[in-house]
Every structure is written in C-alpha cells, then in structure tokens.
Amino acid sequence: MRHILAALVLVAGMLGTQSAEAATVLITGSNRGLGFEFAKQYAEAGWNVIATCRSPDQADELKALATKHNNISIERLDVLNEGEIAALAQKYKGKPIDVLINNAGILGDVPTQTFGSVDRANFDRIMDTNVYGAISVTEAFRDNVVASDEKKIVALTSLMGSIAATGPSHTFYRASKAALSMSMRVINGHLRRDGVVVGLVAPCVADTDMLKEFGYEGPMTVSAETAVTGMRNVIANLTQETAAKPINCDGKPFEW
Amino acid sequence: MKNVLALIAMMMAFTSMEAAHAATVLITGANRGLGLEFARLYADRGWDVIATCRTPSEAGDLDALKAQHSKVVIEELDVTDQSEIDSLAVKYKDRPIDLLINNAGILGDLGDQSLGSFNHEEFKRVMDTNVYGALAVTQAFKDNVIASEHKKIIAMTSVAGSLVGPWQNLGGLYYYRASKSALNNVMRAVGIDLKKHGVVVGLVAPGAAGTDMLREDFKYKGPMISPAESVAGMVKAIDGFTQASASHPINYDGEVLDW
C-alpha cells in the first residue's frame, strides 16, 4: 500500500513536472521554409506548437506534420489581417506563450524595388507584411509572452537587412528588415521591464524557396534544418546582453 | 575700341565665372523648420534655391525669404504624390542640381505608434512619406545631380534612428524610428549605386533643434538648439562629405552616429 501511494505520488509529480515544462511556441508563416522547420523541430522537442499560416487548407506538409505530432495546432493567420489577429489573440487569451517567432515575411517583386524603377505599391506591401505584420502580431500576443516562463519574442532578419552591409539590390526587402530591427528594439525597450527579451535572428544562407526566389545562385551554406537548429540554440540562449545585436544561425552577432 | 573689347571680354569672363559658381540646391519640405533654414542658408550663400513644399499658398515664411532673395524659387511638391514629382522632374530636366536635400518628413501621430494602440494607416503614412518619398524624389532627380558639379544627395535622419545607444530603452515613436532605420538603409544603398557617377549620398541628423515638429508634434521639453545652429552644423557636414566620410550618419555637431 505504501509503495502504491509512493508510486502515485511519483507519477503525479512527474505529470506536474511535465506540464510545467511543456513550453509553448507560436510561429507565423509556418507552412513552408524556415517556419515549417521551426514547427517541426519544436514539436519534436516536445513543445506545444501553435503553427500559423495564411491558408491552412493548402498547407499539406504542415497538416501531415500535425498528424504525427499531437502537440501541433494549426491556426489561420494572415499577419496583415487585423480581424484574424484579434480573433486568434482572443482564442488564446490567458494562455502563456514562451516564445513568439515572427517568421512570416515576403521578398516582394524584385524589379520594382530596384533604384531607377521603384514602385510604391510594392514598397507598401513589403513594409506592411515584414514590419507592420510582425509588430501587430507582437502587440496582440505580448500579454501571453509576459505570462510565460521563457518570455521571448524574436523576429527573423537577414544579413541582407544589415545597414552596414547593405547593397544596391532588393532595396525594399533590406529596408523592411532595418525597420523591423528598429521596431523590435523599441518593443524590447518597452517590454524588458516585464522580463521579456526581444531578439533578431538570421538564418545564415539557408536553402529555402525564398532564397531561390531571390535569384540567388551562390552556395547555400546551410540546410533549412541546420539553420533552424542554430536559431533555436540562439533563442534558447537569448538574454538582454546577446540581443543587443542581430545573431546569425551560427551564433555569430553581426552589425545592424 | 580695344578697351571696349577688353571690357566685354572681361565682363564675359566674370559672367561665366559666376555661372560656374552659382550652384543649385533642391530642398523638400522647405516651408518650415529645418527645410526653411536650409533654404535661407543656401540663399545667403548665393545659391539658386529650389524650395519645395506641399502648399506654397500657405508658405508665408518662404514667401518672405523669396522677397529678400531673387534666387529662391518656390515649387509645389508633395513627396507622396508621384505625379507632382514627375512634373517637377520634367520641368527641371537637364538642369544640374548640385545638392538634393531630402528634408521632408513627418513624426506621425504619437498615440498611433504606441504599443497597444498601433494603427496600420498611420504606419503606412509615416513610411510612405519618410522613406518612399525620399527615395522617389531621389530617383526622379538623380540625373540632375549626376549632371552637376557638387553631386551630393542628403537625407535627414535622427539620433532616434540609430540602433545603438541610449534611445534603445525608450518605448514609443515606433514608426518614426523604424522609418529612419529604413531610410538609412535605402540611402546607403542608393549611395553604393550612384558611387560610379561620383555622387556622394550622405545622412545628417539635426540634434534637438527647436522646430515645430520637436516642440509641438513631439512635445519635447528638454534643452534645444536653434534650427539655424542645427542647420549650420549639418551644412558643415555636407560641405565636407566625401565617399569615405558619408559612410555613416553625421550629427549636426560632427559626431558620427551608429546605424
């Protein structure tokens, strides 16, 4: 009898520990590329994953992944749709979110962001998606992050978004990443009093569809899997000190 | 007769010398604040000043400046209106512009750029004006600058647009600050692009200049310098700009700012 009680206490203790340790991550744009890889790796690591994307109906890979892992919830979220953001925030109201990953982003049309033939509609679409989308999702879920254990918010940037290393191509994409960096730093300044750390992480030169759409023909230095493993490691070690600069997937900080 | 000819020759030489020295500056947002001070300073130097603003009919201070200086021309230009940009570029086609100062910019509504009350339309307005506006104007007049002697393009940034430093722990002003980081990136990229033509693209910051934007829009209560002092400092930086020195933003007091 004593043994049975002891065993029950032990089991109850383990259950308690497990639920305390099952952290939650919310990822935007998780139907493909790096977002998908983030969902996969966090799910495999035992995290609760809220995997959002614009069109769950067409997210076949993500749906297949969710049938293998019952800790993945797929949610519809267009980061430019304020109604969808508000509805999702309402649904998860009061639920702690340990890590919020603002991954959704677009490259945009390339010719109309080249100096000499720029177009404002393309500028607006890239800025809206890559910057406003990220800050409005962060605004909507900041209380969930504040209520969590890990209290981390990250956004995906790129070495191409470094002002110090900028170049005369993909002007709006680069400018959007500079604006995103600043926006996230301002959010950090605002939320650090609540113990939240906001960081910018970059995927090195990872083999994704987006990079191919860039017309990039150089060597892919890492696979999407390696890039995400590296960025998860960066996120796990993120502090106010390390977050003072953007950090690449290999753990190396680079200039703004 | 010989004397008359010599006199004519001398006069012609003077005229051509003067023509070679009369540089041209185009300034956006020249009706008030720093833009107006830039217009005044370059007019005092004897430059041809193309002073643009959204509503010339309401630009009383600029009218007064024009009354004192015959070389000031006032032109209507809303930097978010592509057709106005295009018409002005057609009007000044082939006219060398030595210095283009992208000064027009807005702070944006403060409430709409606070975490918890973000507003998408205001975000777009600030980005379109401060970033796309400067880029579109630069694109439209780049050939004028390339054809000039001085070949300089400037945009107005801010210490608040720097990603390093004491401003980092301050919440608020999201869109304005993001727009300045984006502008920094865009202008630097344009500078790399136009380097082959000998054009120098630089960023200058005005410090806490006591303009309407700082006093009324931002409700700033700290110590301020006068707009004239700020502009004098920035013009000194512009005068000295080379490809090398324009690699980082420069504050009105000469301090080199981080990105």
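Reader: Which residues of α3(B) do B:Leu36, B:Ala39, B:Arg40 and B:Ala43 in α2(B) meet?
Author: In this predicted model, local features need pLDDT of at least 70, side-chain atom pairs need 80 or more, and totals for chains, interfaces and linings use all residues. Residues are numbered from 1 along each chain as written, with chains lettered from A and ligands numbered from 1 in written order. Taking contact as C-beta atoms, placed from the backbone, within 7 Å, those four in α2(B) meet B:Asp61, B:Leu62 and B:Leu65.

Reader: At roughly what angle do the axes of α2 and α3 of chain B cross?
Author: Helices here are DSSP runs (H or I, at least four residues); α2 of chain B covers residues 33-44 and α3 of chain B residues 60-68. Their axes come within 11 Å and cross at roughly 0°.

Reader: So how do α2(B) and α3(B) lie relative to each other?
Author: Angles under 35 degrees count as roughly parallel. With the axes crossing at roughly 0°, α2(B) and α3(B) are therefore roughly parallel.

Reader: What does B:Ala39 touch, leaving out residues up to four places away in sequence?
Author: We've already seen B:Ala39 in α2(B), on the side meeting α3(B). Beyond those sequence neighbours, B:Ala39 touches B:Leu62, B:Leu65, B:Val72, B:Ile27, B:Ala30, B:Val49 and B:Ala51.

Reader: Over to the chain contact: which helix gives the most to the side of chain B that touches chain A?
Author: Chain A and chain B each put 35 residues into the contact. On chain B's side, α5 and α6 (174-194) each supply at least two residues. The biggest contributor, with 14 residues, is α6(B).

Note on methods: Axes are lines fitted to C-alpha atoms, for helices over the stretch in contact, and angles run from 0 to 180 degrees between N-to-C directions. Angles under 35 degrees count as roughly parallel, over 145 as roughly antiparallel, 65 to 115 as roughly perpendicular and the rest as oblique. Two residues are in contact if their C-beta atoms, placed from the backbone, lie within 7 Å.
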